[in-house]
Amino acid sequence: QVQLVESGGGLVQVGGSLRVSCAASGRTFSRLNMAWFRQAPGKEREFVGHVVWSGDTYYADSVMGRFTISRDNAKNTVDLQMNSLKPEDTAVYYCAATDDLWKSLARLRVIEEYDSWGQGAQVTVSS
């Protein structure tokens, strides 16, 4: 199993920017599909975006054009850069990993397809 540790996040005003990072260990990072999910208070965890082993990225409609996911295979890290933040972006952000490289893009949006999770990083956007 992969060990994931998030860092970053915090408190920002509407329209501001934050970055959350995730460091992975325990498996060959370049052979992992990585994703970001978030969970707001009282709501279910939802898909934010993912970066597959090849580097291609995919995003939820709600964050398209504002959030950017990038991976650094040399550092075993994946970052989530969040710009133009809105109050509805307030949530705990989780990184997730799967070593199954044959999952479809549709399946990679599903929580149950990931078997390793970080502890989460709080992001709060104040209005």
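Student: Which residues line the largest pocket?
Tutor: Keep in mind that this is a predicted model. In it, the largest pocket has a volume of about 150 Å³. Its lining is made up of Arg38, Gln39, Ala40, Pro41, Lys43, Glu44, Glu46, Glu88, Thr90 and Ala91.

Student: How many residues of that lining are charged?
Tutor: Let's sort the lining by type. Three residues are nonpolar and two are polar. The charged ones, Asp, Glu, Lys and Arg by the rule used here, come to five.

Student: Which cysteines does the disulfide join?
Tutor: There's one disulfide in the structure. To count, two cysteine sulfur atoms have to be within 2.5 Å, and here the S to S distance is 2.0 Å. The pair is Cys22 and Cys95.

Student: Are Cys22 and Cys95 buried or exposed?
Tutor: The cut-off for buried is under 20% relative accessible area, and exposed means over 50%. By that rule, both Cys22 and Cys95 are buried.

Student: What is the handedness of the disulfide, right-handed or left-handed?
Tutor: Look at the torsion about the S-S bond of Cys22 and Cys95. It's about 50 degrees, so the disulfide is right-handed.

Student: Which element gives the most to the largest nonpolar core?
Tutor: That core has 37 residues, and Met34, Trp36, Met82 and Tyr93 have the most contacts inside it. Elements giving two or more residues include S3, strand S4 (33-39) and strand S8 (77-82). The top contributor, with five residues, is S9.

Conventions:
Residues are numbered from 1 along each chain as its sequence is written. This is a predicted model: local features need pLDDT of at least 70, side-chain atom pairs count only at pLDDT 80 or more; totals for chains, interfaces and linings use all residues. Side-chain values use heavy atoms; hydrogens and water are left out. Buried means under 20% relative accessible area, exposed over 50%, partly exposed in between (1.4 Å probe, protein chains only). On a 1 Å grid over the protein atoms alone, a cavity is a set of points where a 1.4 Å probe fits but cannot get out, and a pocket is an open set with protein on both sides within 12 Å along at least five of seven lines; lining residues have an atom within 4 Å of a point. Grid points are joined across faces, edges and corners, and a volume is the space filled by probe spheres set on the points. A nonpolar core is a set of buried Ala, Val, Leu, Ile, Met, Phe, Trp, Tyr and Cys residues joined through side-chain atoms within 4.5 Å. Helices (H or I, at least four residues) and strands (E, at least two) are DSSP runs, numbered from the N terminus.
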